[in-house]
Amino acid sequence: MSGEAPGPERGASAGASQEIDAESWAFALELYAEPGIADACLQLQNECGVDVMMLLMATFAAVRRGVALTPSDVAGMDAACRGWREQIVLPLRALRTTLKSGPAPAPNEQTENLRSSIKAAELSAERLQNELLAQWLAKLPAQSRALQRKDIISALRAVIDFALQGRRGQPSVAQLSLIDVIVDRALGISN
């Protein structure tokens, strides 16, 4: 991002960005708490390298704003948050994960307290990543029509395909079925 406020031709204002940020964060928390969603997101993260915050924002964009992100949109979304994710979110996640089993003195009660603090910091960092993504999404005009299920699936598939680019792989049938789980729950909480 250039750091400049988006121009009126892009359809965004600071107020619109803040509104999208608040609404998308609430949506992400609600969706992630739905049965099966955390497991689906974490499986896509671990197996495909999917950025869960990007996946949740793409879901929000499709379900609540009628915007089906294209592969080039996903690349733009990634560019908006890549630095933050790579320099802040991922190192926090790596620390938290490492503390589950070591090095000594981990795992013990004191290191579990530290791990909990790092987990809270990781969530705060993801909250700030959501804000970056909301600023990016605010530049895209919302659509007045509801998207069809296939359009939402296509947008989420674009996020998975983007994540797999560096791995030179294709999503498995099981991984693609996780999209259905996410779309079903997202549509369920949006009705």
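# A tour of the helices

Select Asp161 and Arg157: both sit in helix 6, four residues apart, about one turn of the helix. Helices here are DSSP runs (H or I, at least four residues), numbered from the N terminus. This is a predicted model, where local features need pLDDT of at least 70, side-chain atom pairs count only at pLDDT 80 or more, and totals for chains, interfaces and linings use all residues. Residues are numbered from 1 along each chain as its sequence is written, and side-chain values use heavy atoms, with hydrogens and water left out.

Stay on this pair. The side chains of Asp161 and Arg157 form a salt bridge (2.8 Å, N to O). A salt bridge is a side-chain nitrogen of Lys or Arg within 4 Å of a carboxyl oxygen of Asp or Glu. By this rule the count comes to 13 salt bridges.

**Next, helix 4.** Select Arg82 and Asp78. Their side chains meet in a salt bridge (2.9 Å, N to O). Both residues lie in helix 4, four residues apart. Is Asp78 buried or exposed? Asp78 counts as buried, at 4% relative accessibility. Buried means under 20% relative accessible area, exposed over 50%, and partly exposed in between (1.4 Å probe, protein chains only). Arg82 is partly exposed, at 34%.

Select Asp21 and Arg127. Their salt bridge is 2.6 Å, N to O. Asp21 is in helix 1 and Arg127 in helix 5, 106 residues apart. Asp21 is buried at 9% relative accessibility, while Arg127 is partly exposed at 26%.

**Now Met57.** Find Met57 in helix 3. Met57 is buried, with 2% relative accessibility. Which residues does Met57 contact, beyond neighbours within four places in sequence? They are Ser24, Met77, Asn130, Leu133, Ala134 and Leu137 (contact means heavy atoms within 4.5 Å). The C-alpha atoms of Met57 and Asn130 are 7.6 Å apart, though 73 residues separate them along the chain.

**Last stop: the largest pocket.** It holds about 480 Å³ of space. Of its 19 lining residues, the closest to its centre are Tyr32, Leu42, Arg96, Glu122 and Glu126. Helix 5 gives the most to the lining, with five residues. A pocket is an open set of points on a 1 Å grid over the protein atoms alone, where a 1.4 Å probe fits, with protein on both sides within 12 Å along at least five of seven lines; lining residues have an atom within 4 Å of a point. Grid points are joined across faces, edges and corners, and the volume is the space filled by probe spheres set on the points.

Note on methods
Helices (H or I, at least four residues) and strands (E, at least two) are DSSP runs, numbered from the N terminus.
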